[in-house]
Amino acid sequence: MKERYGIDGSNTLFKVWGIILLVFTALGGVLLLLGMILLFAGSAMLTSYVDDYSMFMDSYSSAMMGSVSGSVMVIMIILFLIVAAILAVAAMAGILLVRDYVKAKETLVVFAILYFIGAAFTAIAFVFGIAARAGIGMILSYLFAMLWRAATGVMLLLKHKRAVPASNIMPDQLPGSKPLSSPVPAPFPSGAGTIEGMFGVLQGKRFEVYTGRNYKIGREPCCEIRVNHPKVSRIHCTVCKLQNGRYQITDSSSNGTYYDNNKLQKGIATEVNAGGLLVLGEADNVLQLI
């Protein structure tokens with residue numbers, strides 16, 4: 001079964017943006033439906049007009065009138081199909097933003113590219129509108145559409161960046177789940193270690209860790225060890241207990257991670273001995289790896 005992707009952190013902003021996008025799409029769908037009704041009503045009236053007055057026209061004029069009527073009808077149908085396709089893309093993008101999970105991260109990138117293309121075309125229309133001295137209402141509508149599409153593309157890319165395999169998110173942090181009333185059974189029953197809070201927010205707390213599993217430490221809800229402190233990054237670092245009894249630490253913070261007074265290099269997995277002190281940012285939060 002193909003693994004789904006959850007969101008590393010809160011999905012609230014993406015969900016609100018997606019709901020607004022779906023509301024705009026629904027309004028656009030209503031306007032499109034009304035436009036189609038008016039189109040077919042106007043086409044029927046034009047056809048009736050041509051039939052009623054064809055007797056007063058020569059054959060050439062009557063044929064020309066019918067040809068123009070048919071051409072206008074085809075052009076309008078093509079325009080409506082284009083608008084319908086744009087609304088379909090908007091609806092699917094809104095659904096992707098609202099969902100707590102995505103089945104394929106690449107889908108977010110594809111829709112982001114479509115939105116950036118739409119923003120580019122709108123920017124061209126905006127420039128032509130200014131050059132043609134169009135009304136202020138039309139120019140402002142182009143500007144709003146351009147900024148909205150560009151911002152939606154950015155939101156889709158941000159969600160792609162924060163999408164992580166659902167298996168990496170703790171069960172009690174999954175969207176819509178209830179807090180666990182009992183500890184999660186250990187996936188690795190042997191070789192357990194302990195991370196103990198020595199000073200700061202986690203002082204006196206102990207966390208059991210298992211060999212071969214990565215534990216994220218930081219402020220984000222997706223972190224197995226949450227440290228709600230302004231000097232701690234959203235995902236400050238990752239700790240893994242190794243088979244040889246040592247620990248592997250990977251720093252990903254803004255304020256730095258230290259182990260036994262040695263600053264770890266950001267983005268580089270560093271192997272250390274157990275028993276040392278892990279300092280997050282500054283000396284405000286200190287953990288011991290046992």
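Modeller: I begin with an open sheet of 5 strands, in the order S6-S5-S7-S8-S11 and with mixed pairing. Strands are DSSP runs of E with at least two residues, helices are runs of H or I with at least four, and both are numbered from the N terminus. Two strands pair if DSSP finds at least two bridges between them. This is a predicted model, in which local features need pLDDT of at least 70 and side-chain atom pairs count only at pLDDT 80 or more, while totals for chains, interfaces and linings use all residues. Residues are numbered from 1 along each chain as its sequence is written, and side-chain values use heavy atoms, with hydrogens and water left out.

Colleague: Which strands stand at the edges of that sheet?

Modeller: Strand S6 (225-226) and strand S11 (269-272) do. Each has a single partner strand, so one side of each is left without a neighbour in the sheet.

Colleague: And how do S5 and S7 pair?

Modeller: Strand S5 (residues 214-218) and strand S7 (residues 237-241) are antiparallel, with 4 bridges between them. One example is lysine 216, whose bridge partner in S7 is threonine 238.

Colleague: How many helices and strands does the protein have?

Modeller: The protein has 4 helices and 13 strands. Of its 290 residues, 34% count as buried, that is, under 20% relative accessible area; exposed means over 50% and partly exposed in between (1.4 Å probe, protein chains only).

Colleague: Let us turn to S3. Is that strand mostly covered or mostly open?

Modeller: Strand S3 (residues 193-199) is mostly covered, with 5 of its 7 residues buried. S3 is joined by 4 bridges to strand S4 (residues 206-209), and the two run antiparallel. Across that pairing, glutamate 196 stands opposite arginine 206 in S4. The hairpin of S3 and S4 has 6 residues between the strands, and in this hairpin glycine 200 takes a positive phi near 100°.

Colleague: How many bridges link S3 to S13?

Modeller: There are 4 bridges between S3 and strand S13 (residues 285-289), again in the antiparallel sense. Here phenylalanine 199 faces valine 286 in S13.

Colleague: A change of topic: how many aromatic pairs are there?

Modeller: Rings of Phe, Tyr and Trp (its six-membered ring) pair if their centres lie within 6.5 Å; planes under 30 degrees apart count as stacked, over 60 as edge-to-face and the rest as tilted. By this rule the count comes to 3 aromatic pairs. In one of them, the ring centres of phenylalanine 24 and tryptophan 148 are 5.4 Å apart and the planes are at 70°, so the pair is edge-to-face. This pair links distant parts of the chain, 124 residues apart: phenylalanine 24 lies in helix H1 (residues 12-53) and tryptophan 148 in helix H4 (residues 136-162).

Colleague: Is tryptophan 148 buried or exposed?

Modeller: Tryptophan 148 is buried, at a relative accessible area of 16%, whereas phenylalanine 24 is partly exposed at 39%. Tryptophan 148 also pairs with phenylalanine 144: the centres are 6.4 Å apart and the planes at 20°, so this pair is stacked. Both residues lie in helix H4, 4 residues apart, about one turn of the helix. Phenylalanine 144 is partly exposed, with 49% relative accessibility.

Colleague: Which residues form the aromatic cluster?

Modeller: Trp17, Phe24, Phe144 and Trp148 form one cluster.

Colleague: What does leucine 96 touch?

Modeller: Leucine 96, in helix H2 (residues 59-98), is buried at 10% relative accessible area. Leaving out residues up to four places away in sequence, leucine 96 touches Val102, Thr107, Leu108, Phe111 and Lys159, a contact being heavy atoms within 4.5 Å.

Colleague: Finally, how many disulfides does the search find?

Modeller: The search of the whole structure finds 0 disulfides, a disulfide being a pair of cysteine sulfur atoms within 2.5 Å. For cysteine 237, the nearest cysteine sulfur is that of cysteine 223, 8.9 Å away. Cysteine 237 is buried, with a relative accessible area of 0%, and cysteine 240 is buried as well, at 8%.
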